[in-house]
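Keep the 3D view open as you read.

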Amino acid sequence: MKRRNAWLGIILLALLMGAGSRALWLWLDRPIERVSIRGEWEYVSADYLRTQLAPLVVDATWLSADLGELRERALQIGWLNEVRISREWPNALVFELIEQEPVARWNDDFLLNPDGEPFAFAPLMPPSGLPDLAGPTGSSEEVLHFYHRLGPHFGQLSLDLTQLRLEPRGAWRLQLNDGVWVMLGRRQHEVRLARLSASWQRELYRLGDQIRYIDLRYPNGVAVAWHGQSEFEEQEE
């Protein structure tokens, strides 16, 4: 009889503890009333981030909120590179946000981060002064890498590489100083760039404002098209 009463007491205690735990859970799992955002941002504003994050926590409760799922959804906000979320007593969530670092424009509607990953900049305006890169879908990392390779080459000529395009068939073309276009083609890039450097340092640097584009796809020289003219003038080596 005593053993039976002991088991009954244990069962009642477990039921009471279970009921108490559930009551405690329900008391703690209250609607989220405050969302805090933390971080240092150069390109995005706190108001923009609050506006983008607010829909993610509608109807969410403090304990039941799936922080992993919330993080994945927050990362879909174009300007966010990293998101960390924690709970803060008694009814708040804290978002630690790291913004993307834009290093180039990409195909008009996107920006690139340092890893060559595209992200949408709308509804914000893109920063000014970024190089303008373009190429087929999936080529952003390759184009950014080639841009970094070309930069020092033109820097030695006191030229800025302002646009770089990879055509669908693999040919490259680029723009210098927001003016002169250069047709680099698909092959022999180093040889062609050396030929351009020699021609630029010898003569073309004085005529830069008059040049419409330069074609390096010739075996023994460069061809120059001038503003107001439709024909090439070939520069022999």
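**A strand pair to start from**

Strand E9 (residues 172-176) pairs with E10 in the antiparallel sense over five bridges; strands here are DSSP runs of E with at least two residues, helices are runs of H or I with at least four, and both are numbered from the N terminus. Two strands count as a pair if DSSP finds at least two bridges between them. This is a predicted model, in which local features need pLDDT of at least 70 and side-chain atom pairs count only at pLDDT 80 or more, while totals for chains, interfaces and linings use all residues. Residues are numbered from 1 along each chain as its sequence is written, and side-chain values use heavy atoms, with hydrogens and water left out.

**Around strand E10**

- Three residues lie between the strands of the E9 and E10 hairpin, where Asn-177 takes a positive phi near 55°.
- Six of the six residues of E10 (residues 180-185) are buried, so the strand is largely enclosed by the rest of the structure; buried means under 20% relative accessible area, exposed over 50% and partly exposed in between, with a 1.4 Å probe and protein chains only.
- In a regular strand the side chains alternate between the two faces of the sheet.
- Both faces of E10 are covered, with Val-180, Val-182 and Leu-184 buried on one side and Trp-181, Met-183 and Gly-185 buried on the other.
- E10 also pairs with strand E11 (residues 211-215), in the parallel sense over three bridges.
- Within E11, Tyr-213 is the bridge partner of Trp-181.
- A left-handed β-α-β unit is made by E10, helix H5 (residues 189-202) and E11; a crossover is right-handed if, with the strands pointing away from the viewer, the path from the first strand over the helix to the second runs clockwise.

**The nonpolar cores**

- The largest nonpolar core has 32 residues, and those with the most contacts inside it are Leu-133, Phe-154, Leu-164, Leu-174 and Ile-214; such a core is a set of buried Ala, Val, Leu, Ile, Met, Phe, Trp, Tyr and Cys residues joined through side-chain atoms within 4.5 Å.
- Elements giving two or more residues to this core include E9, E10, H5 and E11.
- Helix H4 gives the largest share of this core, six residues.
- A second, separate core of 24 residues includes Ile-32, Leu-53, Ala-60 and Ala-65.

**Helix H4 and Trp-226**

- The buried residues of H4 include Val-143, Leu-144, Tyr-147 and Phe-154.
- Trp-226 lies in strand E12 and is buried, with a relative accessible area of 9%.
- Trp-226 and Arg-212 are 14 residues apart in sequence, yet their C-alpha atoms are 4.9 Å apart in space.

**The chain overall, and where to take care**

- The protein chain has five helices and 13 strands, and buried residues make up 39% of its 237 residues.
- The mean pLDDT of the chain is 86, and 84% of its residues reach 70 or more; pLDDT is the predictor's confidence in each residue, from 0 to 100.
- Over residues 11-19 the pLDDT is below 50, and this stretch has zero contacts in the model beyond near neighbours in sequence; contact means heavy atoms within 4.5 Å.
- Where pLDDT is low, the predicted coordinates should not be read in detail.
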